[in-house]
Every structure is written in structure tokens, then in C-alpha cells.
Amino acid sequence: MKSEAGLHSHHISQQFNLELDEIKSNLLEMGGLVEQQVNDAIKAVVSVDLPLARRVRETDDAVNEMEISIDEACNRILARRQPAASDLRLVLGIIKTVNDLERTGDEAAKIAGFAEEFDEGDGTHAKGFVEIRHIGERVRKMVNMALDAFARYDAEAALEVAREDVNVDMEYGTAMREMITYMIEDPRSITRVLNVIWALRSLERIGDHAKNIAEHVVYMVLGADVRHTGLSNMEREVKSDE
């Protein structure tokens, strides 16, 4: 498997290496902030913690600023250094990953917003909260795995993220059916359960963004574009490089 050193250690310009490393470091810092956003958003909903929910939404401004800063740094590198081959893939991969992280932060802010729609008496075991907590933990783990795969330029680890997304999609489908059944059985619950459904939808989208980041890692490391090609094709591309 190609290593981090293999991606850009060949540069004559040490300054270029430092610029790439700084951008990567900034991206991982942004990723850590977004991962915390996701974790706090889940806690805010299942605990109906309004102050925590507000902090999640306020953090979104910082995430947006980091996206702009990293994008500008990438644009400067493209203009000044005109990178080619693996270096170009790295810069493009960073730009795409930053976009997915920013959108993940947006979904976390949406989830936190639903905390205001629940009553404090709902409790952490109210209908839908168990599903939010369970699926939420899985997608939070996916975000962490995707960032780790990026940090290590590890296509195998990225593949595991894509595999986990399949499980999340299955659990999301099951949860949706349960919520719809619950609304049919108790029409008084419709408004509240709809909020749960939208929160679950945002969690499923976070899983999709984590999978996107994993696909960007495969592109950076192997030069293979595995977007929209299915898990089996991603597995073939990664395994063929072993």
C-alpha cells in the first residue's frame, strides 16, 4: 500500500512539502471539530440539552470559516505550484473532503436544531431516541474512520468505511419503517416522530459524507475514481493494489 511519504516526498522544494502538510493538518483539525459537532448534536437531541444544541450550531460558523481558509490555500497551491500526478490528486482530494466535512457540519447543526422540538420529559428512551443514539454512534464512528484513513492515506481503512455505510443504510431503513408504523398506530405522535425521522435522515446523510471522504482517499492513494460505482468495484480497486 502506498504510504504518506510516497505521495509527496519526491519534491525538490521542501517548502512545497510544508505547504501540503499544513493543509493536511488544517483539514484534520477541521475534521476533529466536525466529529465533535456530530457527537454533541446526538447528545443534545437524546438528552434534550438546549445549551449544547446551541453550541453545536454556533460551531458551524467556525467550520465554515475553516472550509474557506483551506480552499483558499489549495487554490494558491494550484496556481503557484501547478502540481501534477499524485500531488494534484492530493490537493483535489483535500478540496472535496473539506466540502464533505462542511456539509457534515451542516447536518449536525440540523440535528441539534431538533432538540428544541422535544420536551424535556421525553427522556432518553422515548420512541426514536434509541434509534438516533444507535445510528448516530455508527455514523460518528464512520466519520472518525474516514478521517483516520485520510490521515494515513490508507485505502484499506477507507474501504471499511464504505462497508460500514451499507450497514447504516440498512439500519436507517429499518428505523424509518418503525417510525412510520408508530405514527399510524398513534396519530397524536406524528409531529414528534416526524422530527425524529428528519434527525435520522441527517444522520444517514452524515454516513454518506463519510463514505464520500473514503472514496476521496482511494482516489488520492490509488488514482482510481470509485464514486457511484458500488462497493464491489471499490473492493476490486483496493484489493488489486495489494
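The largest share of the lining of the second largest pocket, six residues, comes from α3. Both α2 (14–46) and α3 (50–81) supply at least two residues of this lining. The helices are DSSP runs of H or I with at least four residues, numbered from the N terminus. This is a predicted model, in which local features need pLDDT of at least 70, side-chain atom pairs count only at pLDDT 80 or more, and totals for chains, interfaces and linings use all residues. Residues are numbered from 1 along each chain as its sequence is written, and side-chain values use heavy atoms, with hydrogens and water left out.

The second largest pocket is lined by E19, E22, I23, N26, S69, A73, R76, I77, R80 and R81. By class, this lining has three nonpolar, two polar and five charged residues. Here Ala, Val, Leu, Ile, Met, Phe, Trp, Tyr, Cys and Pro count as nonpolar, Asp, Glu, Lys and Arg as charged, and the others, Gly among them, as polar.

Pockets and cavities are found on a 1 Å grid over the protein atoms alone: a cavity is a set of points where a 1.4 Å probe fits but cannot get out, a pocket is an open set with protein on both sides within 12 Å along at least five of seven lines, and lining residues have an atom within 4 Å of a point. A volume is the space filled by probe spheres set on the points, which are joined across faces, edges and corners.

| Space | Volume | Lining by class |
|---|---|---|
| Largest pocket | about 240 Å³ | five nonpolar, four polar and five charged residues |
| Second largest pocket | about 190 Å³ | three nonpolar, two polar and five charged residues |
| Largest cavity | about 40 Å³ | two nonpolar, one polar and four charged residues |

The largest pocket, with a volume of about 240 Å³, is lined by 14 residues, of which K211, E215, V226, H228 and G230 are the closest to its centre. At least two residues of the lining come from each of α6, α7 (190–222) and α8 (231–240), and α6 gives the most, with four residues.

A search of the whole structure finds one cavity of 30 Å³ or more. The largest cavity is lined by K96, E215, H216, Y219, D225, V226 and R227. Helix α7 provides the largest share of this lining, three residues.

The 33 residues of α7 should span 48 Å at 1.5 Å a residue, and its end C-alpha atoms are 47 Å apart, which agrees. The expected span is 1.5 Å times one less than the number of residues. Just after α7, G223 takes a positive phi of about 75°.

Helix α6 and helix α7 pack at an angle of about 165°, with their axes 9 Å apart. Axes are lines fitted to C-alpha atoms, for helices over the stretch in contact, and angles run from 0 to 180 degrees between N-to-C directions. The two helices, α6 and α7, are therefore roughly antiparallel to each other, a term for angles over 145 degrees. The contact of α6 with α7 has 21 nonpolar, one polar and six charged residues.

Helix α5 (residues 129–152) and helix α6 (residues 155–185) also pack at an angle of about 165°, their axes being 10 Å apart. The contact of α5 with α6 has 13 nonpolar, two polar and eight charged residues.

Terms used. Angles under 35 degrees count as roughly parallel, over 145 as roughly antiparallel, 65 to 115 as roughly perpendicular and the rest as oblique.
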